[in-house]
Structures are given as structure tokens and as C-alpha cells.
Amino acid sequence: MATVKVELELDWINEEETLDEAIKEQVINNLQNRLIQNAENQITHKLNAELKEIADRVTSSFIEKTLETKIEDLKIPHKTNSWGSEVEYIPISQYIGRKYEAHLTKKVLDEHGREAKYNSDARLSISEYFINNYLAKELTGKVSAMIQTARKDAEESIVKALENNLKEQLSVDIIERLNIPKMLESLQNRAAEIDTKE
């Protein structure tokens with residue numbers, strides 16, 4: 001068996017401490033340092049995420065408010081009429097609204113809803129086309145439903161009237177033919193005869 005001598009030069013051991021105490025203290029210090037480092041890393045990570053979220057929110061609201069105020073203040077030139085050279089400055093939101101309205105009301109479609117090749121073929125605006133189609137579909141559906149219910153109601157009322165009329169006529173006719181009053185009188189007479197015989 002071989003014997004090996006190991007010499008360690010431990011400069012962090014005090015002469016007053018034993019080796020066990022020094023190692024124990026060093027291990028505890030290392031654990032404390034690691035725990036503190038982990039806690040610092042977690043706190044730093046959490047703070048960075050929250051700070052990023054707050055910064056994004058603040059930046060978005062700042063940009064939104066700035067754009068909103070700038071867009072409200074932003075005015076663009078617009079000719080007052082097609083013949084003159086007079087120009088008025090209007091807010092961009094009003095300009096967009098006018099352009100949108102002009103787009104919806106300008107006649108650009110033919111009667112079948114296709115884009116007109118020539119100006120003379122343009123009969124409908126986009127809004128007119130959609131309104132007409134919607135109204136046509138709605139009215140067709142509602143009118144056909146009304147016609148069907150009216151027809152059904154009329155048929156039912158005619159059938160009921162015929163039934164009632166037939167019942168009335170048949171009952172009067174049957175009563176006359178069978179001579180029901182005389183039959184009732186004879187039945188009463190027979191019942192009286194049977195009672196007297198008993």
C-alpha cells in the first residue's frame with residue numbers, strides 16, 4: 001500500500017480556528033452567497049419584466065395621446081369648390097369623413113353591381129347597391145311569408161265556413177226528414193205505456 005502525503009495551503013484558515021470550523025464557515029458563506037445571488041437574480045428579472053411592461057404602457061399611451069392631439073390639430077388644404085381656386089384648411093378627420101362619404105355616394109356600379117367601364121353605365125353607388133339588394137331580399141322574404149300565411153288563413157276560414165254551413169243545413173234537413181219531433185213524442189208515449197203496464 002502506498003502512502004501519499006497531501007499538503008494544502010489554506011490561507012483562509014485562521015490560526016485560532018480548527019479545520020472543521022473553517023470549512024463549515026466557508027460552506028455556509030458560499031451557500032448564503034448563492035442564495036442571495038439567486039434572490040437578486042429573481043428580483044432583478046421580475047423588476048425588469050414589470051419595468052418593461054410599465055414602459056410599454058407609458059410609451060403606448062404617450063404615442064396615442066400625442067398622435068390624437070396632433071391629428072386633431074393637423075389640417076390639410078381642401079378646395080371649396082371644383083371651379084374656383086379658394087382653399088380652406090380642414091381637420092384631417094373631417095377630410096377623411098368627406099372622402100368616405102363621397103366614395104359611398106359616387107355612382108360607380110352598373111345595375112348588376114359590377115364596376116362600370118364607362119361613366120354613362122354607372123347607375124348605382126356602393127351604398128345604393130347594398131341597400132337595394134338588402135331591401136330586395138328582406139322584402140321578398142317578408143312578402144312571400146305574408147302571402148303564405150294569408151293564403152293559409154284564407155283556406156282555413158273557407159273550410160270552417162263550409163263545415164259550419166254544411167252542419168247547419170244537414171242538421172235542419174236531417175231533422176225534417178227523420179221527423180225527430182214525432183219520434184220523440186212516440187218514444188215518450190211508449191215510455192208512458194211501459195210505466196203504466198208495470
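**A quick tour of the chain**

Okay, let's start with the surface: the chain has about 18,600 Å² of accessible area, and 57% of that belongs to carbon and sulfur atoms. Those areas come from the Shrake-Rupley method with a 1.4 Å probe, and for residues only the protein chains shown count as cover.

Keep in mind that this is a predicted model, where local features need pLDDT of at least 70, side-chain atom pairs count only at pLDDT 80 or more, and totals for chains, interfaces and linings use all residues. Residues are numbered from 1 along each chain as its sequence is written, and side-chain values use heavy atoms, with hydrogens and water left out.

Now the layout. There are four helices and four strands, running α-β-β-α-β-β-α-α along the sequence. Helices (H or I, at least four residues) and strands (E, at least two) are DSSP runs, numbered from the N terminus.

Let's zoom in on Lys106, in the loop between α2 (92-105) and β3 (107-109). Lys106 is exposed because its relative accessible area is 56%. Its C-alpha atom is 5.2 Å from that of Ser125, 19 residues apart along the chain. Beyond its neighbours within four places in sequence, Lys106 is in contact with Leu124, Ser125 and Ile126, contact being heavy atoms within 4.5 Å.

Last stop: Leu135, in helix α3 (residues 126-178). With 42% relative accessibility, Leu135 counts as partly exposed.

Notes:
Buried means under 20% relative accessible area, exposed over 50%, partly exposed in between (1.4 Å probe, protein chains only).
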